[in-house]
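Please look over the sequence and the model shown here.

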Amino acid sequence: MTTYSATHTRTQTEEALLAEKERLNITLDSIGDGLITVDAQQRIELFNRVAQQLTGWPSPEAVGKDLTSVFCLINVKTRQALVNPVQVVLEQGCVVGLPADTALVAKDGTERIISSSVAPIRNRSGAITGAVLVFRDITRLRQAEEALKESREFAASLIKSSLDMIIAVDQQRKITEFNPAAERTFGYSREEVLGQDVDLLYADPSQGAAIHHLILVSGSVVQEVMNRRKNGEVFPVLLSASLLKNAAGETIGAMGISRDITDLKRAEEQRLRSEQLTALGRMAAALAHEINNPLQAIRSTLDLILDFPIAAQEREENLQVIRQEIEQLSKVTERVLRFARPAPAQRRWVSMPDLLQQTLTLANKHLQQAHIRMTTEWQDTPLLLAAPEQMIQVFLNLILNAIEATGTGGHLHIATCVEENHLIVSFINDGPIVPPTDLPHIFEPFFTTKPEGSGLGLYVSRNLVQQHGGTLTAENIGTSHGVRFTLRLPLPHPAAESPR
């Protein structure tokens, strides 16, 4: 009876140990890291599922083998084999980690970068009986780290080598980035400005505050601003700035990319001066022509009266010629004064289609004589506050210009519509296109391609439109025929009072 009881107890104990060992193996197989245990002679005792996957060795083949024949380590950069970490653990009894850039060479030659720790296994008396290795594949993590490092180095290289100034600030508008181009342009070193308020760089700090507010409201801004160098010199830049956000989408500051446009502004000023001088030359030539003809007629007539005996009737006729030529000179002077100092006109609420209809009535005789086919397309448009006489003058100039451009039998189409808070009036004729070399100059004073033209009609028309806050432009809409003049006038603000 006693023998049976002892045998039964031993059997239960063995079964419990087997169950515990099986539970331990299942647990070790379930963890996400590779796990290998070895005895004091570095023979593999336990080899879990992940260890099999990473090494390429099945557990039945690996168990009992020397660890170094299954767990081969090299440095991926030097390609040298690494010292066996288990040997160090068995000799010194300490926990050892693998150095960076350690790769595990699998059975099929595949290499994986791993991280690992090796610890001693001790029995109840504290003696070292083996070691345990826990390791994981960090290849993707290392690749991600390398990609991030390369990305950061590339971004840093771009910032450093950029010819444009790149300046970043934090949420308190303290400078956090100041690239070499900014150093060269402003005269400050990077160390001098890091941590300083960005207002240091603005000629007017209030402009910097306004731009920062715009960035916070709209997310980005492109604007010409005035900066100040370290030596106090003020200079213009074209700034493009936007919010800086972290990976979570949180705003951490702002970054601006800007370029010194001092030379560009000077070149633009020189171009404008050149164009002004050219226009002035054309104006002088046109005035000289318009004044010279009457003067020549007056002089020749006076020479005839003063130097030759003529009859009283002929003398009277010649004096009438002189009067006519003087009146012609007076008209030239009046036109010049009118375009130089346009008289102010009273404005009132008007309907543009109504003004266009009145203008067509005035131009009807000219349209009929030239056999112009006239079409219109009026859309329902709001009333505008305008000087009706000036608007009719503009419309009449554009209609007469179209009649002269198209010639007999042409077609003129006038349309009105509303686009983006503007009233649009289009005058489209099917006459020959304006030569591309002439198109940029047709609104300049005294520029004309017509033998009898004064070159003031389009110039005066554009000035009158600009006085109303609008624009007048011209464009070719075909390769050989078709020109469109477009007049854009701002619509009144919704809060403005206008008659219903």
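## Basis

This is a predicted model, in which local features need pLDDT of at least 70, side-chain atom pairs count only at pLDDT 80 or more, and totals for chains, interfaces and linings use all residues. Residues are numbered from 1 along each chain as its sequence is written, and side-chain values use heavy atoms, with hydrogens and water left out.

## The sheet

Five strands form an open sheet in the order 14-16-17-19-18, with mixed pairing. Strands (E, at least two residues) and helices (H or I, at least four) are DSSP runs numbered from the N terminus; two strands pair if DSSP finds at least two bridges between them. Strand 14 (373-377) and strand 18 (471-476) are the edges; each has a single partner strand, so one side of each lacks a neighbour in the sheet.

Strand 14 pairs with strand 16 (residues 411-419) in the parallel sense, over five bridges. Arg373 has His411 of strand 16 as its bridge partner.

## Nonpolar cores

The largest nonpolar core has 39 residues. Such a core is a set of buried Ala, Val, Leu, Ile, Met, Phe, Trp, Tyr and Cys residues joined through side-chain atoms within 4.5 Å, where buried means under 20% relative accessible area (1.4 Å probe, protein chains only). Met352, Phe395, Ile399, Phe427 and Phe485 have the most contacts inside this core. Helix 13 gives the most to this core, with eight residues.

Apart from this core lies another, of 24 residues, among them Val50, Val86, Leu104 and Leu133.

Technical notes: Buried means under 20% relative accessible area, exposed over 50%, partly exposed in between (1.4 Å probe, protein chains only).
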